Amino acid sequence: MEGRPFNDISYERFLSEDKLVGSRCQKCGALFVPPRSICIKCYGSEMEWVEMKGKGRLAAFTCIAIGPPSMIKEGYDRKHPYVSGVVELDEGVRVVARIEGVDGTRPETIKIGAPLKVEFLHRGEGENSTSFLAFRP
Amino acid sequence: MRGPRKLGRGVAMVGAGMSKFGMFGDKDSKYLFAEAFHEMLSTVDKGIDPEDIDALYLGNFTNDFFVHQGHWGPIISDLLGLAPKPATRTEGACAASALAFREGVFAIASGFYDVVLVGGVEDMSKRSTEEVTQGLAMAASPYEVKAGFTFPGVFGAMATAYFARYGASREHLMNVTIKSHNNARLNPKAQFNVSIRDIMNQRIEKAKNKGEPPPAWRDEKEFLRDARANPVVAWPMHLYDCCPISDGASCVLLAAEEIAKDFTDNPLYVVGIGQGSGKGLHAKEDLTYFEATRYAAQEAYGLSGLRPEDVQIAEVHDCFSIAEIVHIEDLGFFKPGEGYKAVEEGLTRLDGSKPINTSGGLKCKGHPVGATGTGQLVEIWKQLRGEAGERQVPIRDLRVGAAQSLGGTGGTCTLTILERK
């Protein structure tokens, strides 16, 4: 964990290892998820990796009926919308993620503030594999 | 920000024109810009010799991707016979020509140029919806794209946060849509110059002609609640909450204040300009407003010495219905959480105390991305000079108007304040 650069490439690699991580400034303690390599609170550059507990609450969401080609390929369409959202982690920072295990056709059943836990989605094989951050109730 | 900003010298708008906005299979970027330029020339009361234009600033976002040509400054300067005068393209996603305008103002304020043409163009409708979606996604944060967010999705998510905080609902968004259509009905340049009522009547007529039972909507809201008429795009954003894919161009002519009267006795002075930059959805300090718009507004009000209540009319970047509500709060016209109530009470209608998007807004006038920023200023030009025809606002002594643009998912926001003196 220690030797990896504090950037999006490392963040993605951690996702593929079922870890949601951020960087913490060793000088002032500010936390950034996804990671930043410089602290925008005190401009310190000594960062350390921290793994999130993976618990949070739904801060905002949308049920997407017309998605990009990658989501259409996964089988989502007007009749089968998927849900994307903003999750406020217990550690106090927000992330954007897919929201699984909720009914996108019944948005009235999805509640802001609902507790969620992290889940990692892995799609594709080998070099074409990608991992996605997700949360579910 | 360290105290109010200053311009080196005053700048005035002395002409403004736009093409019709819409989906045109047979009109390309050059044709559309020529149409806007031609109209602009006709609005300069005392005439302008294009020879006197010192430089061009042009906003465009997607031509690299859609027509595989990125170098649009010189293409347009050549088109207009301005070459070898300098041409510079600005990029700010959906705020591209708002940035062109700002650069033009700076160029004159610095004393370097006296007369500058600024404008924008976008040619989008010849591509598939899938390609357009991909092209526009180039302006979103990569984290949002990875989480499956589309543009309507980002604004949909902001709407859910706004609803939860302030107790608003979809019904309130419908008020924005109905008002935009009512205004656009009076704007012959608008892509959808029809009211929701007109659309309902057309559908009823069509059903009758086909011998089908006509839909029995009682009012506009019932039409908008009908999932067949108004399907969901990214809940709570439905079709009628979203701006369309459009082609179009717009431009305005700027001149140094001391020579403005050479062109017209009725110039509009650029009294406020502001620009801010924003963060991705996850990093925003709050999900119910745009920090970048608030920063831009602070800068523009500071420069002008005006307050939000001094702005009599405004065009705001209503790419989605919720955005109009958020913007009128961010600009200080209404308190946070009160924008939706102001719309419901009719305050933002053409005949209200603070008319918003008299042109029909992006929703109905159309949103040819790069042309939108200066396109908004064309509407303010018409209104402040009393030339808006049927949709002229009935405010007595109309002097101050503003236009707010937003690029991407709030990455680039601007505010321009114009005054007739």
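This briefing covers a predicted two-chain model, its chain A fold, its chain contact and selected packing in chain B.

The model is predicted: local features need pLDDT of at least 70, side-chain atom pairs count only at pLDDT 80 or more, and totals for chains, interfaces and linings use all residues. Residues are numbered from 1 along each chain as its sequence is written, while chains are lettered from A and ligands numbered from 1 in the order in which they are written.

**Chain A: overall**

- Chain A holds two helices and eight strands. Helices (H or I, at least four residues) and strands (E, at least two) are DSSP runs, numbered from the N terminus.
- The pattern along the sequence of chain A is α-β-β-β-β-α-β-β-β-β.
- The C-alpha trace of chain A spans about 50 × 35 × 20 Å along its principal axes.
- Of the 137 residues in chain A, 36% are buried. A residue is buried if 20 or more other C-beta atoms lie within 10 Å of its own, exposed if 12 or fewer, and partly exposed in between, with C-beta atoms placed from the backbone.
- Take the contacts in chain A between residues at least 6 apart in sequence: 49% join residues at least 24 apart. Two residues are in contact if their C-beta atoms, placed from the backbone, lie within 7 Å.

**Chain A: domains**

- Chain A is assigned domain 1 (8-51) and domain 2 (55-136). These bounds come from an automatic or database domain assignment.
- The centres of domain 1 and domain 2 of chain A, taken over C-alpha atoms, are 22 Å apart.
- Eight residues of domain 1 of chain A and seven residues of domain 2 of chain A make the contact.
- On the domain 1 side, helix 1 (residues 8-16) of chain A gives the most, with three residues.
- By class, that side of domain 1 of chain A has four nonpolar, two polar and two charged residues. Ala, Val, Leu, Ile, Met, Phe, Trp, Tyr, Cys and Pro count as nonpolar, Asp, Glu, Lys and Arg as charged, and the others, Gly among them, as polar.

**Chain A: sheet**

- Three strands of chain A form an open antiparallel sheet in the order 2-1-3. Two strands pair if DSSP finds at least two bridges between them.
- Strand 2 (31-32) and strand 3 (47-51) of chain A are the edge strands, each pairing on one side only.
- Strand 1 (residues 21-25) of chain A runs antiparallel to strand 3 of chain A, and five bridges join them.
- A:Cys25 has A:Met47, in strand 3 of chain A, as its bridge partner.

**Contact between chains A and B**

- Chain A contributes 27 residues and chain B 26 residues.
- Strand 4 of chain A supplies the largest share of the chain A side, six residues.
- The chain A side divides into 20 nonpolar, four polar and three charged residues.
- Strand 4 of chain A also pairs with strand 5 (residues 232-235) of chain B, antiparallel, over two bridges.
- A:Cys63 stands opposite B:Trp235 in strand 5 of chain B.

**Chain B: helix packing**

- Helix 4 (residues 96-109) and helix 15 (residues 372-384) of chain B pack at about 70°, with axes 5 Å apart. Axes are lines fitted to C-alpha atoms, for helices over the stretch in contact, and angles run from 0 to 180 degrees between N-to-C directions.
- Helix 4 of chain B is therefore roughly perpendicular to helix 15 of chain B. Angles of 65 to 115 degrees count as roughly perpendicular, under 35 as roughly parallel, over 145 as roughly antiparallel and the rest as oblique.
- This contact has five nonpolar, four polar and no charged residues.
- Helix 8 (residues 170-184) and helix 12 (residues 321-330) of chain B pack at about 95°, with axes 8 Å apart. Helix 8 of chain B is thus roughly perpendicular to helix 12 of chain B.
- B:Leu173, B:Val176 and B:Thr177 of helix 8 meet B:Ser321, B:Ile322, B:Glu324 and B:Ile325 of helix 12.

**Chain B: local sites**

- B:Thr409 lies in the loop between strand 10 (400-407) and strand 11 (412-420) of chain B. B:Thr409 counts as buried because it has 25 C-beta neighbours inside 10 Å.
- Leaving aside neighbours within four places in sequence, B:Thr409 is in contact with B:Ala140, B:Ser141, B:Glu144, B:Val154 and B:Leu281.
- Helix 3 (residues 72-79) of chain B has B:Trp72, B:Gly73, B:Ile75, B:Ile76 and B:Ser77 as its buried residues.
- B:Gly81, which follows helix 3 of chain B, has a positive phi near 75°.
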